[in-house]
Amino acid sequence: MAKRVVVIGTGGAGLVAAIAARMSGAEVAVISKTSRGLGTCTAYSAGVFSLACGGVSSEEHYERTLKTGQFVNDPSLVKILSEETETALKTLAGWGVGIEFKRGMATVRFTARNEIMGGAGFVAELVSIAEKAGVRFEDWTVATSLRLLGDRVVGVEVQDWRTGRQECLGAGSVILATGGGGRLFSRTDNPSRITGDGYALALNAGANLRDMEFVQFYPVGWAEPGFPRWLADVGLVDYLRITDSKGDEFLKKALKEWGFRNGREGNLYARDLCARIMAEKDLEGGVYAHLEDLTEDQWADPYLEYCLTLDSRLFKGVRRPLRVAPLEHYFCGGVVIDGCGRTSVGGLYACGEAAGGVDGANRVGGNALSSVVTFGLRAGHAAAEEGRSGFETLVAGSARDFLAISEEGENPEKLRRELQEEAWAALGPIRENRKMERFLAYLSDFRARRIRVDSSVGRLQALEMEGLFMTARTVAEAALKRETSLGTHYMSGQ
Ligand SMILES: Cc1cc2nc3c(=O)[nH]c(=O)nc-3n(C[C@H](O)[C@H](O)[C@H](O)COP(=O)(O)OP(=O)(O)OC[C@H]3O[C@@H](n4cnc5c(N)ncnc54)[C@H](O)[C@@H]3O)c2cc1C
């Protein structure tokens, strides 16, 4: 009888793990809060992978990843990443996924229908491969907790947020591929459903998290009223002036001082330093991208559109400086795993952004998608080896509301926005002990708040409160413990 694997999440990590488990002979069910593959960071991504290929050796990739991560990384995971990503991507190419290899990188952008969501074609291809392989999908479904028997996971409690129907899916092994927790912050480029649920599921099951203080803020994001909260590539600094309010091209100068040749290199290896200086200048009076500098020839250059990261038609006719500032982008930390994605809880695996250890204190640009594929494959194969067989539906456990629900309660959307603003102020790109301590006090009162649920979206937002809350508390506690600045964790004035 086939082994039974439940995967939570349909971004790149969940889809790759599901296909790998299915190809290893397991029965596989995949849970997704949205329609499969949509609303994931993988679909939103630029679709660029960093790896050892095309003349870049695995030793170079390994050293760069450790150095950029300030040696906080788990070297055994980095070694796997550096040595196996090319083979992992070739495995996907063998499944029929469109991938182009270049020097030190690979891309899937050319399969996307537009320049903005460079990973959307990649995700659509993986969904189709999974469907053909016989993976079962449970869309519009939230994993609310893990069912344990002794120290083993035996099932996943789920709820269809549109109808409220609850059930418990029996599982021999479970893979957390829930992505990061970007929506904890008011300024982020992450989609709405990325709310740190995997961190809460793991903690409640007794698994450990690591490096949670290292939240990567992307240095350049549109901050102009009327423009979407979305990143713009640091490579923009190679095209036009990015200045502070006094007209000083501080970012370009700083990149040179730090030993980087251009914005492209800054984007790969120095997002932490760039985000710090951008955040400081933002506080001092604002940072501006001077679109009025661009010539007509430059407007026609496809690489400019890549750097603007929005359809360049949106900017046509804009010949003035636009305000830019950092935004939350990625969680370097996550669930502690071994090389096969195993956690300390029997039968529980994690991969992709939900897992920690690869990035250390700061991630190399392009390494997230490489981890998604390399560790997605490994976790899928390993999980398929474990556990019991045959799908069964267990009796659903009694649901427990994280925040009490009452008719007089607060609107969940409003409460979520308040938490996001508080988290940005306390845990954003520039941190202070005093503010983080105050935030933890705010969180301890938060549990007593009541919410009103009068729509299906309200039900979904209520279910997401625990992930947001536990992510907030874990990041704040980890950040307070680390007393000095390191990587993406930047304490004011240090
Ligand atoms: C704008 C942008 C551009 C980026 N560009 C790049 C790039 O070019 N290269 C690179 O390496 N990295 C890039 N990144 C980072 C990278 O895209 C992500 O780290 C990576 O895609 C995460 O993949 P994942 O599968 O782990 O999670 P995701 O793709 O985010 O998927 C998470 C899934 O989990 C589901 N989920 C979460 N909680 C639950 C729950 N409780 N129940 C059910 N389902 C749940 C979600 O609905 C979703 O389906 C970018 C990120 C962003 C936001």
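Okay, some housekeeping. The model is predicted, so local features need pLDDT of at least 70 and side-chain atom pairs count only at pLDDT 80 or more, while totals for chains, interfaces and linings use all residues. Residues are numbered from 1 along each chain as its sequence is written, and side-chain values use heavy atoms, with hydrogens and water left out.

Now the big picture. We've got 15 helices and 21 strands in the protein chain; those are DSSP runs, H or I of at least four residues for helices and E of at least two for strands, numbered from the N terminus. The radius of gyration, taken over C-alpha atoms, is 22 Å, close to the 23 Å the globule rule gives for 494 residues, so the chain is as compact as a globular protein of that length. That rule is 2.2 Å times the number of residues to the power 0.38. The C-alpha atoms fill a box of roughly 65 × 55 × 40 Å along the principal axes.

As for the inside, 60% of the 494 residues count as buried, meaning under 20% relative accessible area with a 1.4 Å probe, protein chains only.

Which brings me to aspartate 233. Where is it? Aspartate 233 sits in the loop between β12 (215–222) and β13 (242–244). Aspartate 233 is buried but has no salt bridge (a side-chain nitrogen of Lys or Arg within 4 Å of a carboxyl oxygen of Asp or Glu). The nearest side chain of opposite charge is arginine 271, 6.3 Å away. Leaving aside neighbours within four places in sequence, aspartate 233 has contacts including Tyr218, Tyr303 and Tyr306, with contact meaning heavy atoms within 4.5 Å.

How values were computed. Buried means under 20% relative accessible area, exposed over 50%, partly exposed in between (1.4 Å probe, protein chains only). Lys and Arg count as positive and Asp and Glu as negative; His and the chain ends are not counted.
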